[in-house]
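Dear colleague,

I am handing over the structure we spoke about, with the sequence alongside.

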Amino acid sequence: MFFIAVCQYIDMVCLQCRSNTQVINSRLKHRSNKVWRRRQCIACNSTFTTEEACVYALSLAIKNDEGLIQPFSSDELFLELYKACAHRKTALKDARALADTVTNLLIKESTGSVINSGNIKTACLIVLNRFDKVAFSQYQAYHP
Ligand SMILES: [Zn+2]
């Protein structure tokens, strides 16, 4: 017996009138591996923007020193990097870009979908050391 899987493409609906939309522009954001799309409603012509990204919490897991495994948290990584960059005027933007860089480094260095928690600290220190010495020291102080 054969089973045929049919993938139906589900489209976003208009924020205003709930009608179908079409993509009128799209771009790949290489560093963050996100797809940015500008959509337009077929019925009322209103436009809005969407972003497609990997859900790391459902794709990667972190294993701590005691062997406990938990979902990877992009938010937690961002907050830790933001704290280290708090002295910078562009801390929000910097922390977002640094979180993308650290995440990409972790994925590149890992052999599977489970990452050791110590590797996160090491990756953050490597990236911060290249970026800002004060942020590097701040992060190191928070993560002895
Ligand atoms: Zn509409």
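The notes below go through the sheets, the core, the aromatic rings and a few single residues.

Please keep in mind that this is a predicted model, in which local features need pLDDT of at least 70 and side-chain atom pairs count only at pLDDT 80 or more, while totals for chains, interfaces and linings use all residues. Residues are numbered from 1 along each chain as its sequence is written, and side-chain values use heavy atoms, with hydrogens and water left out.

Helices (H or I, at least four residues) and strands (E, at least two) are DSSP runs numbered from the N terminus, and two strands are said to pair if DSSP finds at least two bridges between them. Strands of a sheet pair through backbone hydrogen bonds, either parallel or antiparallel.

Six bridges join β2 and β3 in the antiparallel sense, and Q40 stands opposite T47 in β3.

The loop between β2 (34-41) and β3 (47-52) contains S46, and N45 has its place in that loop between β2 and β3 as well. The phi of N45 is near 70 degrees, a positive value in a residue other than glycine. S46 is buried, with a relative accessible area of 19%, where buried means under 20% relative accessible area, exposed over 50%, and partly exposed in between (1.4 Å probe, protein chains only). Leaving aside neighbours within four places in sequence, S46 is in contact (heavy atoms within 4.5 Å) with C14, Q16, R39, Q40 and C41.

Another open sheet has three strands in the order β5-β4-β6, and its pairing is mixed. Its edge strands are β5 and β6 (114-116), each pairing on one side only, and neighbouring strands of this sheet are turned by 35 degrees against each other on average, direction ignored. Strand β4 (residues 61-63) runs antiparallel to β5 and is joined to it by three bridges, with I62 standing opposite Q70 in β5. Helix α4 packs on this sheet, touching β4 and β6, and its direction makes about 65 degrees with that of β6.

Turning to the interior, a nonpolar core is a set of buried Ala, Val, Leu, Ile, Met, Phe, Trp, Tyr and Cys residues joined through side-chain atoms within 4.5 Å. The largest such core has 26 residues, of which F72, L77, L81, V102, I120 and L128 touch the most other members. At least two residues of this core are supplied by each of α2 (74-84), α3 (91-109), α4 (117-131) and α5 (133-142), and the largest share, seven residues, comes from α3.

Which residues does F72 touch, not counting those up to four places away in sequence? They are Y56, A57, L60, A61, I62, L77, T103, L106 and I120. F72 is buried, with a relative accessible area of 3%, and Y56 also counts as buried, at 16% relative accessibility.

For the aromatic pairs, rings of Phe, Tyr and Trp (its six-membered ring) pair if their centres lie within 6.5 Å, and planes under 30 degrees apart count as stacked, over 60 as edge-to-face and the rest as tilted. By this rule the count comes to two aromatic pairs. Y56 and F72 form an edge-to-face pair, 6.0 Å centre to centre with 75 degrees between the planes. Y56 lies in helix α1 (residues 56-59) and F72 in the loop between β5 (69-71) and α2, so the pair ties together parts that are 16 residues apart in sequence. F78 and Y82 form a stacked pair, 6.1 Å centre to centre with 25 degrees between the planes; being four residues apart in helix α2, they are separated by about one helical turn.

With best wishes

Definitions and conventions:
Axes are lines fitted to C-alpha atoms, for helices over the stretch in contact, and angles run from 0 to 180 degrees between N-to-C directions.
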